[in-house]
Structures are given as structure tokens and as C-alpha cells.
Amino acid sequence: MEAIEVPGIGEIRLRRSANIKYLRLRMAPGRGVWVSVPWGVSGREVMRFIEENREWILSQRRNMEVYEQDTGVGLGIGAEVRTKLHRIRIAESEDGKPGYRIEGEEITLAVPKGVEFRRVEDTVRRFLTEVYRMEAKRYLPPRVKRQAERFGFKYGRLTFRDNVSNWGSCSFDNNISLNIKLMKLPDELIDYVILHELCHTVEKNHSAEFWQLVEKVCPGYAELRARLKKYHTRI
């Protein structure tokens with residue numbers, strides 16, 4: 001695949017084939033942006049096509065960058081992952097097995113030199129999961145307590161889970177469970193999730209009354225809810 005550099009957009013790869021009938025834009029996490037180009041289409045036509053779709057490319061690329069950072073696409077030697085409380089760097093070491101070093105906010109996760117990353121990727125993801133769990137137990141309880149006291153909510157037990165189905169839940173008896181991967185989110189989105197679950201201590205379903213209560217304690221929640229959808233509940 002050849003690649004071109006487009007001012008204001010960055011690198012776009014071109015895939016030419018006799019089987020391609022139309023100019024078509026593609027984008028995928030970890031793979032960037034590329035254009036499928038039929039034989040016979042000139043470089044000038046390709047550039048015009050890209051310029052006509054500039055806003056779409058920039059918008060979708062921003063969403064994709066959030067997804068890549070959020071889901072760990074691109075994890076590998078030299079990668080850095082920012083959590084709420086730490087910066088985690090993945091590096092090689094001469095040791096025969098993975099290990100880590102914590103220096104304040106900096107965590108270095110060392111993997112054996114020369115080992116294909118895919119062979120240790122599960123270990124890296126498990127390590128990241130434990131960092132999220134540790135941070136969640138430290139960071140979230142006072143935040144939940146503060147929001148509950150501010151708006152007069154009462155809740156039971158607070159627990160933390162690693163799941164891919166939701167950001168949080170509230171049981172019938174007002175026990176709240178929060179996803180440890182909230183630690184990837186900006187504070188305002190964390191607070192929206194917390195308030196959402198606290199509202200369920202009063203309204204048990206997503207009725208009109210529930211959303212009215214959410215709007216009361218979290219004005220403009222719709223914008224936060226839309227932003228939250230750009231993130232994913234997985235490592």
C-alpha cells in the first residue's frame with residue numbers, strides 16, 4: 001500500500017486494485033485511514049475525493065483515537081497508558097518474566113526482551129485490570145459518598161467489578177456496583193455514571209421520572225451521556 005501525507009489530516013494509505021470499482025474511504029482501529037482506489041483513477045482525483053471528505057475523516061479519526069486509547073489498541077513495547085492516577089509504560093527487560101516497578105505516579109511494566117508481544121499481551125491486560133481495580137477502590141468511594149450527601153441519596157454497599165456490559169448498576173436494595181474501568185474516564189463522566197446509579201436508588205427503571213431526576217442533579221446530562229458512548233467498557 002502506498003501512503004500520502006495530506007496537510008491537516010496526516011497519513012492516508014492508498015489501496016489500488018483491478019477489483020475495486022469505486023473510490024471508497026475506510027478506517028479501522030490500529031490501521032489508520034485508507035482509500036480504496038480503482039485502476040485508472042489519477043492522484044488528483046484521489047486528492048479531490050479526500051478533500052471532499054475532510055470533515056468526515058477528521059471527525060471519525062477523533063472518535064477512533066478515543067477508541068484506540070480506551071481499548072488499548074496499539075499496546076506494545078514503548079506504549080504508554082494513562083489511568084486516573086498513574087502513567088503506565090511498557091518496556092523490555094533482560095528478566096525472563098514480566099515484572100513492574102512503581103515510582104510515584106509512574107509504573108513501568110517490563111516484559112522479557114525478545115519475546116513477541118502477543119505472547120505476553122494477556123499478562124499486560126491482566127496487569128492493567130489490577131491497576132484499574134486498585135485505583136477504583138481508592139478513588140471512587142469518597143466520590144460516591146460526596147455526591148450522595150450533596151443530593152440526599154441513600155445507598156447500601158459499594159462494590160467494583162470488571163465487566164463489559166455496563167459502567168455501573170444499582171440493585172433493588174440500593175447496592176451500587178461500579179465498573180473499575182471508570183478510571184479511564186474524565187471526572188465529569190465518572191460523576192455522571194455515579195449520579196445515574198444514585199438516581200436508581202429512587203427510580204428503579206429508565207422512566208420519564210428517572211430522567212427528570214437525572215436532569216435535576218446533573219443538568220445537561222445528555223451531552224455527557226453522548227460522550228460516554230465513545231468509550232468502551234473493556235481494556
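Residues are classed here as buried when their relative accessible area is under 20%, as exposed when it is over 50%, and as partly exposed in between, with a 1.4 Å probe and protein chains only. At 44% relative accessibility, Ala226 therefore counts as partly exposed, and its place is in helix α6, where helices (H or I, at least four residues) and strands (E, at least two) are DSSP runs numbered from the N terminus. The structure is a predicted model, for which local features need pLDDT of at least 70 and side-chain atom pairs count only at pLDDT 80 or more, whereas totals for chains, interfaces and linings use all residues. Residues are numbered from 1 along each chain as its sequence is written, and side-chain values use heavy atoms, with hydrogens and water left out.

A nonpolar core is taken as a set of buried Ala, Val, Leu, Ile, Met, Phe, Trp, Tyr and Cys residues joined through side-chain atoms within 4.5 Å. The largest such core comprises 47 residues, and those with the most contacts inside it are Leu140, Leu178, Leu182 and Tyr192. Two or more residues are given to this core by each of β6 (87-93), β8 (106-112), α3 (117-151), β11 (176-179), α4 (187-199), α5 (208-217) and α6 (221-228), and the most come from α3, with twelve residues. With contact defined as heavy atoms within 4.5 Å, and with residues up to four places away in sequence not counted, Leu182 touches Leu140, Trp167, Ile190 and Val193. A second, separate core has 13 residues, including Ile9, Ile12, Val33 and Val35. In soluble globular proteins, nonpolar side chains tend to be buried together.

Helix α3 also holds Tyr132, which is buried, with a relative accessible area of 4%. Tyr132 and Lys181 lie 49 residues apart in sequence, while their C-alpha atoms are 6.1 Å apart in space.

The structure holds four aromatic pairs, a pair being formed by rings of Phe, Tyr and Trp (for Trp, its six-membered ring) whose centres lie within 6.5 Å, with planes under 30 degrees apart counted as stacked, over 60 as edge-to-face and the rest as tilted. The ring centres of Tyr100 and Phe127 are 5.2 Å apart and the ring planes are at 50 degrees, so this pair is tilted. It links distant parts of the chain, with Tyr100 in strand β7 (residues 99-103) and Phe127 in helix α3, 27 residues apart. Tyr100 is exposed, with a relative accessible area of 56%, whereas Phe127, at 14% relative accessibility, counts as buried. For Trp211 and Tyr221, the ring centres are 5.2 Å apart and the planes are at 15 degrees, so the pair is stacked; Trp211 belongs to helix α5 and Tyr221 to helix α6, ten residues apart, and the pair again links distant parts of the chain. Both Trp211 and Tyr221 are buried, and together with Tyr192 and Phe210 they form one aromatic cluster. Between Tyr192 and Ala226, which are 34 residues apart in sequence, the C-alpha to C-alpha distance is 11 Å.

Pockets were located on a 1 Å grid over the protein atoms alone, a pocket being an open set of points where a 1.4 Å probe fits, with protein on both sides within 12 Å along at least five of seven lines, and lining residues having an atom within 4 Å of a point. About 400 Å³ of space lies in the largest pocket, where grid points are joined across faces, edges and corners and the volume is the space filled by probe spheres set on the points. Its lining consists of 24 residues, of which Asn166, Trp167, His196, Glu197 and Leu228 lie nearest the centre of the pocket. The elements giving two or more residues to this lining are β10 (168-170), α4 and α6, and the largest share, four residues, comes from α4. The lining divides into nine nonpolar, ten polar and five charged residues, where Ala, Val, Leu, Ile, Met, Phe, Trp, Tyr, Cys and Pro count as nonpolar, Asp, Glu, Lys and Arg as charged, and the others, Gly among them, as polar.

In the loop between β10 and β11, Asn174 is found, and Asn174 has a positive phi of about 70 degrees although it is not a glycine. Most residues other than glycine have a negative phi.
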